[in-house]
Amino acid sequence: MVTLPAWALASSEDYFARKYTTDEEMMALAIHLSDRNITEGTGGPFGSAIFERHADNHATLVSIGMNRVVPLGNSTLHGETVAIQLAQSKVGSFTLRLDENKGDGLFYDESHDDDEKESASPRTRQFELFTSCEPCAMCLGATLWSGVSRIVCAATKNDAQAIGFDEGPVFEQSYEHLEKAGIQVTRNVLREDAAKVLQRYGASGQIYNR
């Protein structure tokens, strides 16, 4: 079962009440979650948040996530996957690729016939995943299938690997594949701030996937 630590639950009202517009504002939350997670001893140094971007460019927070691998004894509970699972649970859909007026999570591609395409509404809701570090191989896969329209990263794969984490088979072609699938990729937003959190964890934290 995916659960957030007590401190995150206690602070959620504040996080969700804030106004978000810029990438930096949204990434600051993801980095804060990563830093607080290691301060509280409730997981690894990775934080994520999913926002819904609206037509006027402001965004509302949908979910937060942080690495919960060691506390919950589950190797799949990285910050991104926690945020994705909680966001999908919140909107009641297996995907975040949703139409503004429809909550069934369906979208239509070339495999559907013309009648189905004509009955489908255009996808207008935009969900964006902000993560304090570029995703590992597992989380890149989760991002691809999650239905987010954009991923924004802070620290890099090299920053994570510098303190001992194995990020798996992640290549530039991995990001190209996301973009070909219609997922916009933005990297190095507040990278230095996020890298400092990783370095702090690297000095004494548990590197659980060497």
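**Entry 1: a glycine in a loop**

I started with Gly43, which lies in the loop between H2 and E1. Helices (H or I, at least four residues) and strands (E, at least two) are DSSP runs, numbered from the N terminus. Before going on, I noted that this is a predicted model, where local features need pLDDT of at least 70, side-chain atom pairs count only at pLDDT 80 or more, and totals for chains, interfaces and linings use all residues. I also noted that residues are numbered from 1 along each chain as its sequence is written, and that side-chain values use heavy atoms, with hydrogens and water left out.

Is Gly43 buried or exposed? I found a relative accessible area of 15%, so Gly43 is buried. Buried means under 20% relative accessible area, exposed means over 50%, and partly exposed is in between (1.4 Å probe, protein chains only).

Next I looked up what Gly43 touches, leaving aside neighbours within four places in sequence: Asn37, Ile38, Asn67, Pro71 and Tyr201 are in contact with Gly43. Contact means heavy atoms within 4.5 Å. I also checked Pro5, which is 38 residues from Gly43 along the chain; their C-alpha atoms are separated by 9.0 Å.

**Entry 2: the whole chain**

I stepped back and counted nine helices and five strands in the protein chain. Along the sequence I read the pattern α-α-β-β-α-α-α-β-α-β-α-α-β-α. Of the 210 residues, 49% are buried. Among contacts between residues at least 6 apart in sequence, I found that 65% join residues at least 24 apart. The chain exposes about 10200 Å², and carbon and sulfur atoms supply 49% of that area. These areas come from the Shrake-Rupley method with a 1.4 Å probe; for residues, only the protein chains shown count as cover.

How many residues of strand E4 (residues 150-155) are buried? I got six of six, so to speak a mostly covered strand.

Strand E3 (residues 126-133) pairs with E4 in the parallel sense over five bridges. Two strands pair if DSSP finds at least two bridges between them.

I then followed the chain from E3 through helix H6 (residues 137-146) to E4, which together make a right-handed β-α-β unit. A crossover is right-handed if, with the strands pointing away from the viewer, the path from the first strand over the helix to the second runs clockwise.

**Entry 3: aromatic rings**

I searched the whole structure for aromatic pairs and found five. Rings of Phe, Tyr and Trp (its six-membered ring) pair if their centres lie within 6.5 Å; planes under 30 degrees apart count as stacked, over 60 as edge-to-face and the rest as tilted.

I checked both residues, and Tyr20 and Phe51 are buried.

Phe165 and Tyr201 are a stacked pair, at 6.1 Å centre to centre and 20° between the planes. Phe165 lies in the loop between helix H7 (157-162) and helix H8 (172-180) and Tyr201 in helix H9 (residues 191-202), so the pair ties together parts that are 36 residues apart in sequence. Phe165 is buried at 3% relative accessible area, and Tyr201 is buried at 10%. I noted that Phe46, Phe165, Tyr201 and Tyr208 form one aromatic cluster.

Which residues here have a positive phi? Asn188 has a positive phi of about 70° although it is not a glycine, and phi of Leu190 is near 55°. I wrote a reminder beside them: most residues other than glycine have a negative phi. Asn188 lies in the loop between E5 and H9, and Leu190 is found in that loop between E5 and H9 too. Asn188 counts as partly exposed at 45% relative accessibility, and Leu190 counts as partly exposed at 26%.
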